[in-house]
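Visitor: I am new to reading protein models, and I would like to be guided through this one step by step. Could we take the ligands, the helices and a few single residues in turn?

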Amino acid sequence: MSNHPKNNTDIKEIYKKLDAELASINPGCNACGTCCHFNEFGHVLYASTVETDYIRENVEIPSFDPDDNVCPFLVNYECSIRDHRALGCRVFFCNPQYKETLQGIYEKYYTMIKDLAIEDKVEWYYAPMMKLLEKKQQKNQL
Ligand code: SF4
Ligand code: SF4
């Protein structure tokens with residue numbers, strides 16, 4: 001079984017719809033980058049292999065130390081891969097007032113991405129994003 005989606009256009013479309021939906025509710029974010037320091041923020045970012053494959057196919061994954069538990073794409077407190085970042089990155093806003101609404105949006109788009117994996121018959125793993133990126137890093141070094 002392949003672990004690459006046949007067509008990245010589909011996930012791009014899903015992200016486009018998601019971003020439009022989020023813009024319409026506008027939970028607010030000052031792009032401080034704190035939530036991308038996972039230990040400091042007390043937060044685990046989960047992603048699927050469909051999302052991490054999309055990242056890997058579009059940007060180079062820098063080498064990183066998994067023990068730091070800081071996203072390797074955070075550069076000077078800014079996300080360096082905004083167009084390709086994962087669902088959880090897009091949907092996370094620290095404003096507690098939006099917690100339930102955002103949870104519902106997350107579940108809706110998670111299902112759309114999973115359906116894409118089923119349609120395209122690609123492997124599906126869902127795990128902390130740092131673990132999935134670490135695996136890819138190890139594969140790239142072989
Ligand atoms: S969601 Fe909150 S913590 Fe994360 S970057 Fe935006 S303002 Fe900062
Ligand atoms: S991909 Fe970007 S938004 Fe997502 S955790 Fe990494 S730096 Fe933050």
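Guide: We begin with a term: a residue is near a molecule or strand if its C-beta atom, placed from the backbone, lies within 6 Å of it. This is a predicted model, in which local features need pLDDT of at least 70 and side-chain atom pairs count only at pLDDT 80 or more, while totals for chains, interfaces and linings use all residues. Residues are numbered from 1 along each chain as its sequence is written, and chains are lettered from A and ligands numbered from 1 in the order in which they are written.

Visitor: How many charged residues does the shell around ligand 2 have?
Guide: The residues around ligand 2 are Cys36, Leu45, Cys71, Phe73, Leu74, Cys79, Ile81, Arg85, Ala86 and Cys89. For the classes, Ala, Val, Leu, Ile, Met, Phe, Trp, Tyr, Cys and Pro count as nonpolar, Asp, Glu, Lys and Arg as charged, and the others, Gly among them, as polar. By this sorting the shell around ligand 2 has 9 nonpolar residues, no polar ones, and a charged count of 1.

Visitor: And how many polar residues does the shell around ligand 1 have?
Guide: Around ligand 1 we find Cys29, Asn30, Ala31, Cys32, Gly33, Thr34, Cys35, Phe92, Phe93 and Cys94. The shell of ligand 1 contains 7 nonpolar residues and no charged ones, and its polar count is 3.

Visitor: Is aspartate 83 buried or exposed?
Guide: Helices (H or I, at least four residues) and strands (E, at least two) are DSSP runs, numbered from the N terminus, and aspartate 83 lies in the loop between strand S3 (78-79) and helix H4 (87-91). A residue is buried if 20 or more other C-beta atoms, placed from the backbone, lie within 10 Å of its own, exposed if 12 or fewer, and partly exposed in between. Because aspartate 83 has 10 C-beta neighbours inside 10 Å, it counts as exposed.

Visitor: What do the buried residues of H5 pack against?
Guide: The buried residues of H5 are Tyr109, Ile113, Leu116 and Ala117. They cover an arc of only 100° around the axis, taken from the directions from the helix axis to the C-beta atoms, which puts them on the same side of H5. Counting two residues as in contact if their C-beta atoms, placed from the backbone, lie within 7 Å, the buried residues of H5 pack against H1, strand S1 (46-48), H3 and H4.

Visitor: How far apart are the end C-alpha atoms of H5?
Guide: The expected span of a helix is 1.5 Å times one less than its number of residues. The 21 residues of H5 should therefore span 30 Å, and this agrees with the separation of its end C-alpha atoms, which is 30 Å.

Visitor: Why is H3 largely enclosed by the rest of the structure, and how many of its residues are buried?
Guide: Among the buried residues of H3 are Val50, Asp53 and Tyr54. Valine 50, which lies in H3, counts as buried because it has 26 C-beta neighbours inside 10 Å. H3 has 10 residues and is largely enclosed because the number of them that are buried is 7.

Visitor: Which residues does tyrosine 126 touch, not counting residues up to four places away in sequence?
Guide: Tyrosine 126 lies in strand S4 (residues 126-128), and it counts as partly exposed because it has 16 C-beta neighbours inside 10 Å. With residues up to four places away in sequence left out, tyrosine 126 touches Tyr46 and Ser48.

Visitor: Which residue with a positive phi follows H1?
Guide: H1 has 18 residues and reaches 26 Å from its first C-alpha to its last, close to the 26 Å expected at 1.5 Å a residue. The residue in question is found in the loop between H1 and helix H2 (38-41), and its phi is about 45° although it is not a glycine. The residue that follows H1 is asparagine 26.
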